[in-house]
Amino acid sequence: MSRVVHPIEQLSYQILRERVDLSQLPPLTRAVTERVVHASADLDYVTDLVCDEAALAAGLEALRGGAPLVTDVAMVAAGITGRAAVCPVAEPAVAELARSAGITRSAAAIRIAYDRVGPGAVWAVGCAPTALTELIGLDAEPALVVGLPVGFVGAAEAKAALRVSGLPAVSNRSEKGGSAVAAAAVNALLYTSEQP
């Protein structure tokens, strides 16, 4: 992926690196941590993120190899630059499945997306804890799960479940997260060869 890095982004990274030294982190973990902090202006992510370098490397390899990218909501997909994502949450079939199965639309969208992409995809969940819980319950065999949903109800618990699931993942310990943070983590991998 080739992109022009805006001077504001360069200055933001300069400020970030003046405030915290992450040079001791493995390269992909550092890239994800810096991009998440850059996107959120929240230095708490330095200690809140849980990254696994091998999982990030597998996700990067999958993305470079053309693996599908799935997001739980359109806001995550919109924040990921230079890569199309599968995100069926707004489709009528998702609403119907949610009603008939008694689950959230986000969880229904995960089921439908998995039927389309199968194993080996990269999944980015930044909004709905129920989407992450649904994904954990599937036998999805993901290349990587970016599990960073936000909220007071179920978000920290869903992320804790992700960490004990054995799935290759990046998550965080707290209730914070969100679409911008999940998109930033994916973008960090997509931009890995062009870090500012």
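1. With a relative accessibility of 44%, Q14 counts as partly exposed, a class that lies between buried (under 20% relative accessible area) and exposed (over 50%), as judged with a 1.4 Å probe on protein chains only. Q14 is found in helix α1 (residues 7–19), where helices are DSSP runs of H or I with at least four residues, strands are runs of E with at least two, and both are numbered from the N terminus. Between the C-alpha atoms of Q14 and N187, which are 173 residues apart along the chain, the separation is 18 Å.

2. This is a predicted model, in which local features need pLDDT of at least 70 and side-chain atom pairs count only at pLDDT 80 or more, whereas totals for chains, interfaces and linings use all residues. Residues are numbered from 1 along each chain as its sequence is written, and side-chain values use heavy atoms, with hydrogens and water left out.

3. In strand β4 (residues 144–147), L144 and V146 point one way while V145 and G147 point the other way, and all are buried.

4. Strand β3 (residues 122–125) runs parallel to β4 and is joined to it by four bridges, two strands being paired if DSSP finds at least two bridges between them. Within this pairing, A124 stands opposite V146 in β4.

5. Strand β5 (residues 169–172) also pairs with β4 in the parallel sense, over three bridges, and S171 in β5 is the bridge partner of G147. From β4 the chain crosses through helix α9 (residues 155–165) to β5 in a right-handed β-α-β crossover, meaning that, with the strands pointing away from the viewer, the path from the first strand over the helix to the second runs clockwise.

6. A right-handed β-α-β unit is likewise made by β3, helix α8 (residues 129–137) and β4.
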